[in-house]
Amino acid sequence: MKEVVKHAKIQAEARIRTPANGEQVIASGMADMVSLVRAQIADPELANKAEDGRPDDIRPCINCNQQCMGRRLRDYWISCLVNPTTGREVEWSTSLASRADKPKHVLVIGGGPAGMEAARVSAERGHRVTLVEKSEKLGGRFRLAAKQPKRHEIGEFMDWQERQLTKHQVDVRRSTTLGIDEIKALEADAIIMATGSRPADNGFQRAFPHIEKLEGADLSHVTSPEVTLDDAVVLGKRVLIVDDDNGWRSVGTALYLAERDHAVTILTAALHPGQEIAQTVSAGIMMKDLARAGIGTIVSSAALAIGERAVRVQNLLTGEETDVPADSVLLATMPVVEADLEAALRKEGIDVTAVGDCVAPRKASMAIYEARS
């Protein structure tokens with residue numbers, strides 16, 4: 001348009017996320033102006049931080065559309081996955097947490113998105129914060145999602161959270177597991193549990209609520225999207241993903257595996273893979289990506305049994321049963337909470353506050369909202 005339009009200014013928008021990105025577009029001559037909309041929903045202080053020379057403090061938009069466009073198109077007021085203060089300005093006044101009258105020592109157990117946000121907000125309020133994470137890296141299952149194609153922005157948000165923890169002098173202890181005695185020894189004034197959830201290994205599907213454990217779920221070639229994205233398993237050529245999640249967890253992993261030359265099929269009880277993604281206006285692009293990658297889909301169906309070389313599948317509309325060849329099977333089913341430590345602490349009479357997936361496995365937006373509140 002810039003090559004042919006001479007008497008009007010051209011404005012570029014959509015997926016321009018940072019001041020540097022906007023300046024690059026203008027400097028290249030591709031546009032006269034840029035519009036950063038979702039970026040300023042994620043961080044209303046974007047312009048001020050850019051003007052102050054603090055680009056690393058800008059909370060990055062991850063282009064998920066879950067709480068902005070996804071809510072608006074359902075006629076709700078908008079919010080933001082990475083910044084739940086958006087839309088709640090009357091309730092919370094500002095994106096900055098209010099300072100505490102009496103600073104405390106806060107112990108946060110678990111370094112996923114909920115734990116990192118709880119630690120950041122607590123430190124911003126003036127508390128002395130210790131964050132303990134059993135893994136070497138922070139971010140939990142959410143950081144693994146950043147390895148899926150077109151989802152690298154999630155990793156940028158995790159990096160921003162880590163920078164904020166450093167800025168606010170949070171004592172971050174990686175590769176650390178605490179027992180009850182060690183927790184007591186820290187003498188924290190408040191304990192926040194953010195231990196998250198783990199993939200279920202029983203293959204339970206909502207389509208068959210009467211079947212507690214899927215036959216063959218414990219076979220050696222059966223695993224989860226998380227283990228796969230963590231490169232902790234070697235998969236066979238033909239991969240079947242049992243999708244009871246209906247979101248990016250299965251679809252994104254399918255695209256990840258297709259890029260690595262696996263022949264992937266998604267099995268779902270829904271009308272199409274990633275049905276939940278339709279609420280974020282990304283379903284059309286996602287379906288085209290699946291088609292271009294040659295990923296097969298079996299819809300309105302669920303798994304009856306997993307065998308050594310095939311999965312027995314039932315069509316939920318007709319009742320017809322077929323065998324689908326598979327060298328490896330991924331169970332994208334409902335995760336289970338990691339709440340044993342919380343239960344043990346409560347049994348000892350120690351008061352804790354639980355946030356995120358250790359309360360119930362849900363979306364990252366809910367985990368971050370709970371941690372912020």
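## Charge

The protein chain carries 47 positive and 53 negative side chains, with the centres of the two sets 4 Å apart. Here Lys and Arg count as positive and Asp and Glu as negative, while His and the chain ends are not counted, and each charge is placed at NZ of Lys, CZ of Arg, CG of Asp or CD of Glu.

## Basis of the model

This is a predicted model, in which local features need pLDDT of at least 70 and side-chain atom pairs count only at pLDDT 80 or more, whereas totals for chains, interfaces and linings use all residues. Residues are numbered from 1 along each chain as its sequence is written, and side-chain values use heavy atoms, with hydrogens and water left out.

## Overall form

The protein chain has 14 helices and 17 strands, which are DSSP runs numbered from the N terminus (helices H or I, at least four residues; strands E, at least two). Its radius of gyration, taken over C-alpha atoms, is 23 Å, close to the 21 Å that the globule rule gives for 373 residues, so the chain is as compact as a globular protein of that length; the rule is 2.2 Å times the number of residues to the power 0.38.

## Residue V121

V121 is found in helix α6, which covers residues 113–124. At 6% relative accessibility V121 counts as buried, a term that means under 20% relative accessible area (1.4 Å probe, protein chains only). The C-alpha atoms of V121 and R372 are separated by 6.4 Å, although the two residues are 251 residues apart along the chain.

Technical notes
Buried means under 20% relative accessible area, exposed over 50%, partly exposed in between (1.4 Å probe, protein chains only).
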